[in-house]
Amino acid sequence: MGGGKRSEGKQSRENVWESKRPKSDSHPLATENPAFDDYYKGIFSSQEWDAFVQVLRTPLPAAFRINSTSRFCADIRSQLENDFVHSLQAEVVQEDDTEAIMPLPWYPENLAWHLKFSRKQLRKNRTLGRFHEFLKLENEIGNITRQEAVSMVPPLFLDVHSNHFVLDMCAAPGSKTFQLLEILHKSTKVGCLPVGMVIANDLDIQRCNLLIHQTKRMCTANLIVTNHEAQHFPGCLLNRNHDKMEQDQQDSLLFDRVLCDVPCSGDGTLRKAPDLWRKWNTGTGNGLHNLQVLIAMRGASLLKVGGRMIYSTCSMNPIENEAVVAEVLRRCGGSIELVDVSSVLPQLIRRPGLKRWKVCDKGKWFVSCNDVPKFSRNVVLPSMFPNGGSYKEVLSNCNVSIRDDIITDGANKNSDDIQAAEDPVIHEFTEEVSDFPLERCMRLVPHDQNTGAFFIAVLQKVSTLREIQVNTRKKVGKHVVTANEGNEDPQKLQLHVKKWISRKPKIPAM
Ligand SMILES: C[S@@+](CC[C@H](N)C(=O)[O-])C[C@H]1O[C@@H](n2cnc3c(N)ncnc32)[C@H](O)[C@@H]1O
C-alpha cells in the first residue's frame with residue numbers, strides 16, 4: 001500500500017504540488033473587494049474584522065499528510081519529528097518565535113503537518129530546498145499528500161469503517177478520496193483487503209483524470225471512478241440477474257457513507273488563490289445554491305438508513321452552507337438529522353453554524369423571501385432564507401400585498417411602476433432565524449488557526465425519505481427522463497433505472 005520505492009519518483013505531467021500561479025509577479029494581485037467587505041461584515045464582527053482580512057492577505061502555510069497506509073509512514077513521521085523539526089528551525093531566520101514546522105494538533109497520530117511557510121516560499125527559499133525536494137518526492141510516490149489543512153477535516157468526521165460502501169460525489173482532484181481510501185485500508189487487518197469500497201465521482205472528465213492520477217499513488221483495488229452529474233447520480237441494482245427477478249427481490253445500491261464536497265464559490269481558498277479577490281461577487285454563491293441542494297439531496301437519497309453524510313464547502317457564504325443544509329433538512333422532513341459532533345476532535349477550533357443570515361443580490365439585501373421583488377425571484381430563491389418556504393406559500397401565509405412589479409434597475413418601467421417605486425416602503429420584514437439546530441454545523445475560519453476556511457455539516461439518515469418532491473429532468477440521448485430524486489421506493493427506483501437502461505444501453509457502468 002502507498003507507493004513503491006521511496007527513491008524512484010519521476011516528475012509527473014500533472015504535478016499537483018505545483019500550483020497555478022500568475023505568470024508575472026510584477027503586478028501584485030488586488031487583495032480587496034468592497035462587495036466582499038460589505039457581505040462578510042454582516043458575518044464577522046467588527047472586533048475581529050481586521051484580524052480576519054489581515055490573515056486573508058497573507059499566504060497560506062503549506063500543509064501535508066503522511067499516508068497512514070504507507071509502509072514508510074512511521075519512518076517519515078520520525079524523520080519529520082527528529083530531523084526536519086530541528087533542521088528547519090535552525091536553517092531559517094525567524095522573524096518571530098513560531099515553529100517552522102509542526103504537526104496539526106487535531107489530526108490523529110501526528111500524521112498531518114503544517115509549515116510556517118507558503119508553497120511559494122518553499123520553492124523560492126534556498127535554505128528550504130532540501131525539505132522542498134523531500135516533500136515533492138514523497139508526494140510523487142504516494143507517501144505523503146499535499147493538502148490544505150482544513151480540507152483534511154471532512155473525512156475525519158465521516159466515521160468510515162473498512163466494510164463501508166462510500167460515495168464521494170464530487171471527488172476530483174481526489175485529496176479526500178485518498179484520505180477515505182486510507183481510512184478504509186487502515187482499519188483492515190494486515191494482509192487483507194477491505195470489504196468496502198469508495199466510488200469517487202466527478203462531473204469533469206479532465207479532473208477525473210487528475211483524480212485517477214492522485215489515487216493511483218495508492219495501490220488499491222477498492223476504488224471505482226465514475227463521471228456523472230452528482231445530482232443525477234444513477235441508481236444501481238445489486239443483482240446481476242435483475243431482468244429475471246421480481247422487482248421486490250432486487251436490491252438497489254445504497255451507501256453507508258456519502259461525502260458531498262460540493263462545487264462552491266471557494267472564497268475560503270482566497271489565501272492560496274488571491275485572484276478570487278478580483279472575481280468575488282454575491283452572484284457566484286447564489287448561482288450555486290440550487291445545484292448544491294440537488295447534489296446533497298441525491299446524496300441523502302443514496303444513503304442507507306443509519307448512514308452518515310458530510311456536506312462540505314470551502315466557502316464562507318451561508319447561502320452555500322447553512323441555507324443548503326437547512327433546505328435539505330426541510331425537504332427530508334425529519335428523515336435526515338444534523339449530528340452533534342462538538343466532542344469529536346476537540347483540538348480543532350471551530351465555530352457553530354449560523355442560525356440567521358441575509359441574502360444579497362447585486363448589492364440589495366433581503367431579510368426574508370417576502371422581501372424579494374418578482375424580477376429577482378429566479379435568482380433569489382426562498383430556500384436561501386433561514387425559514388425557506390416558497391413564494392406562493394409565503395404570500396398566502398401573510399397578509400401583506402407585495403408589489404412584485406416594482407422595477408428598481410431602470411429597465412422596462414411604466415408609469416405605475418414609477419409611481420409604486422416612489423411610494424414609501426410599506427412593509428418592514430423582520431430578520432428570519434432558522435429553527436433547525438444549525439449550530440451543529442462547523443465553520444472553520446482563517447484567523448482561528450491560520451488556515452483557509454471550510455464549512456462542514458455531519459448528517460445522519462434516521463428513516464427513509466418520504467417528504468421530498470424534487471423532480472428533476474435529465475436528458476438521456478434524445479429522451480428526457482424525469483426522475484424523482486427523493487423517491488426511494490425501491491420499486492420505483494428500479495423502474496427508473498430500467499427505463500434508463502432500456503433507453504440508452506451505453507449508460508456508463510458504475
Ligand atoms: C470542491 S471540488 C471537490 C474537491 C475534492 N472533494 C477533493 O477533496 O479533492 C468540487 C468538484 O465538483 C465537481 N463538480 C462540479 N459540478 C459537479 C456536478 N454537478 N456533479 C459532480 N461533480 C461536480 C468539480 O469538477 C470539482 O472537481
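**A buried helix and its surroundings**

Analyst: Let's start with helix α11, where the buried residues are Glu322, Ala323, Val324, Val325, Ala326, Glu327, Val328, Leu329, Arg330, Arg331 and Cys332. Keep in mind that the model is predicted.

User: How many of the residues of α11 are buried in total?

Analyst: 11 of the 11, so the helix, residues 322-332, counts as mostly covered, given that a residue is buried if 20 or more other C-beta atoms lie within 10 Å of its own.

User: And what covers them?

Analyst: The cover includes helix α10 (282-301) and the strands β9, β10 (336-338) and β15 (454-461).

User: OK, zoom out for me. How many helices and strands does the chain have?

Analyst: There are 15 helices and 17 strands. The chain has 510 residues, and buried ones make up 42% of them.

User: What share of the contacts join residues at least 24 apart?

Analyst: 77%, counting contacts between residues at least 6 apart in sequence.

User: What about the largest nonpolar core, which residues touch the most other members?

Analyst: Cys260, Val328 and Ile456 do, out of 112 residues in that core. Val328 is also one of the buried residues of α11.

User: Which residues does Ile456 touch?

Analyst: Leaving out anything up to four places away in sequence, Ile456 touches Val153, Pro154, Phe157, Ile310, Ser312, Cys441 and Met442.

User: Why is Lys304 called partly exposed?

Analyst: Because it has 16 other C-beta atoms within 10 Å, and the label applies between the limits of 12 or fewer for exposed and 20 or more for buried.

User: Switching to the ligand. Which residues come nearest?

Analyst: Cys170, Lys176, Leu203, Ala230 and Asp261, out of 17 residues around the ligand.

User: Where is the cis peptide bond?

Analyst: It joins Ala172 and Pro173, with omega about 5 degrees. Pro173 lies in the loop between β5 (165-168) and α7.

User: How do α7 and α8 sit relative to each other?

Analyst: The axes of α7 (residues 175-186) and α8 (residues 205-216) come within 9 Å and cross at roughly 35 degrees. The crossing is right-handed.

User: Which residues make the contact?

Analyst: Thr177, Phe178 and Leu181 on the α7 side, and Leu211, Gln214 and Thr215 on the α8 side. By class that is 3 nonpolar, 3 polar and no charged residues.

User: Back to backbone angles. What's the phi of Leu345?

Analyst: It's near 50 degrees, a positive value in a residue other than glycine. Leu345 is in the loop between β10 and β11 (351-352). It counts as partly exposed because 17 other C-beta atoms lie within 10 Å.

User: And what about Lys362?

Analyst: Lys362 has a positive phi too, about 45 degrees, although it is not a glycine. Its place is the loop between β12 (359-361) and β13 (364-366). With 14 other C-beta atoms within 10 Å, Lys362 is partly exposed.

User: Last one: is Val380 buried or exposed?

Analyst: Buried, because it has 24 C-beta neighbours inside 10 Å. Val380 is in the loop between β13 and α12 (391-397).

User: Which residues is Val380 in contact with?

Analyst: Setting aside neighbours within four places in sequence, they are Asn286, Val359, Asp361, Phe366 and Val372. Val380 is also 9.6 Å from Gly283, C-alpha to C-alpha, and the two are 97 residues apart in sequence.

Note on methods
Residues numbered from 1 in each chain as written. Predicted model: local features only at pLDDT ≥ 70, side-chain atom pairs only at ≥ 80, totals over all residues. Axes fitted to C-alpha atoms, helices over the stretch in contact; angles between N-to-C directions. Helix = DSSP H or I, 4+ residues; strand = E, 2+ residues; numbered from the N terminus. Left-handed = near helix turned anticlockwise from the far one by under 90°. Contact = placed C-beta atoms within 7 Å. Nonpolar A, V, L, I, M, F, W, Y, C, P; charged D, E, K, R; others polar. Near = placed C-beta within 6 Å. Core = buried A, V, L, I, M, F, W, Y, C linked by C-beta atoms within 7 Å.
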